[in-house]
Amino acid sequence: MTDPGTPPVGLNAVTVLHRALVGGLTVVVAIFSFLIFQRGGPLLAADASRDLIGLVIGGAGLVPLTLGFLVFRPRVPARLPGQGADVYWGQPEASGRALLVWVLFEGSGMIGAVGYLLSAHLAAGFTAAAGLAALVLSGPGFLGGRRD
């Protein structure tokens, strides 16, 4: 019997969580891009430090993206042959590790989006787009369907 205080973890729960992360990051990137378009430029005034800020924030956003891809994503276990998706996602090893990967990708995109809003530098914009793309492409269907 499960503890009534423990939320259910399974395919539906991780799918809802992943969609919420993707939706939230998509909304932030869209709103920040709209604000830059509406204002006619970034929030920071045009000076030499604006480009540096965009580069530094864009580079800082690549750190969680790289960690997610190279360190934590390979640690998500592959689904065993014949194992159902609910059983696979019910395991803390699978759902917990996948959540860590998703949070790193979402954080990378959020850092890039803030850098893009401040500086409108392409490095920060690229980081935001890369974080969003990594999050979308590493969903439960991909991570739960791998057979290493």
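Leaving aside neighbours within four places in sequence, G54 is in contact with S119, H121, A123 and A124, where contact means heavy atoms within 4.5 Å. The place of G54 is in helix α2 (residues 48-72). Helices (H or I, at least four residues) and strands (E, at least two) are DSSP runs, numbered from the N terminus. G54 has a relative accessible area of 0% and is buried; the classes are buried under 20% relative accessible area, exposed over 50% and partly exposed in between, with a 1.4 Å probe and protein chains only.

The model is predicted, with local features needing pLDDT of at least 70 and side-chain atom pairs counting only at pLDDT 80 or more, while totals for chains, interfaces and linings use all residues. Residues are numbered from 1 along each chain as its sequence is written, and side-chain values use heavy atoms, with hydrogens and water left out.

## Overall architecture

The protein has six helices and zero strands, and its pattern along the sequence is α-α-α-α-α-α. Along the principal axes, the C-alpha atoms fill a box of roughly 60 × 30 × 25 Å. Of the 148 residues, 39% are buried. The accessible surface comes to about 8,100 Å², and 71% of that surface belongs to carbon and sulfur atoms; these areas come from the Shrake-Rupley method with a 1.4 Å probe, and for residues only the protein chains shown count as cover. Among contacts between residues at least 6 apart in sequence, 78% join residues at least 24 apart.

Axes are lines fitted to C-alpha atoms, for helices over the stretch in contact, and angles run from 0 to 180 degrees between N-to-C directions.

| Helix pair | Angle | Axis distance |
|---|---|---|
| α1 and α4 | roughly 5 degrees | within 9 Å |
| α2 and α4 | about 170 degrees | 8 Å |
| α4 and α5 | about 155 degrees | 7 Å |

Angles under 35 degrees count as roughly parallel, over 145 as roughly antiparallel, 65 to 115 as roughly perpendicular and the rest as oblique.

The axes of helix α1 (residues 11-39) and α4 cross at roughly 5 degrees, which makes α1 roughly parallel to α4. On the α1 side the contact includes V14, L17, L21, L25, V28 and F32, and on the α4 side it includes L99, W102, M110, A113 and L117. By class, this contact has 16 nonpolar, four polar and one charged residues. Ala, Val, Leu, Ile, Met, Phe, Trp, Tyr, Cys and Pro count as nonpolar, Asp, Glu, Lys and Arg as charged, and the others, Gly among them, as polar.

V28 lies in helix α1 and touches M110 and A113, not counting residues up to four places away in sequence. V28 and A128 are 100 residues apart along the chain, and their C-alpha atoms are separated by 9.9 Å.

For α2 and α4, the angle is about 170 degrees, so α2 is roughly antiparallel to α4. Among the residues that α2 brings to the contact are R50, G54, I57, G61, P64 and L65, while those of α4 include L104, F105, S108, I111, G115 and S119. The contact of α2 with α4 divides into 13 nonpolar, six polar and one charged residues.

Helix α4 (residues 92-119) and helix α5 (residues 122-137) pack at about 155 degrees and are therefore roughly antiparallel to each other. The contact is made by residues including W102, F105, S108, G112 and Y116 of α4 and A124, T127, A128, G131 and L135 of α5. These contact residues divide into eight nonpolar, seven polar and one charged.

S108 lies in helix α4 and counts as buried at 0% relative accessibility. Not counting residues up to four places away in sequence, S108 touches G61, P64, L65, T127 and G131. S108 and F142 are 34 residues apart in sequence and 20 Å apart in space, C-alpha to C-alpha.

The place of A120 is in the loop between α4 and α5. A120 is partly exposed, with a relative accessible area of 28%. Phi of A120 is near 55 degrees, a positive value in a residue other than glycine. Most residues other than glycine have a negative phi.
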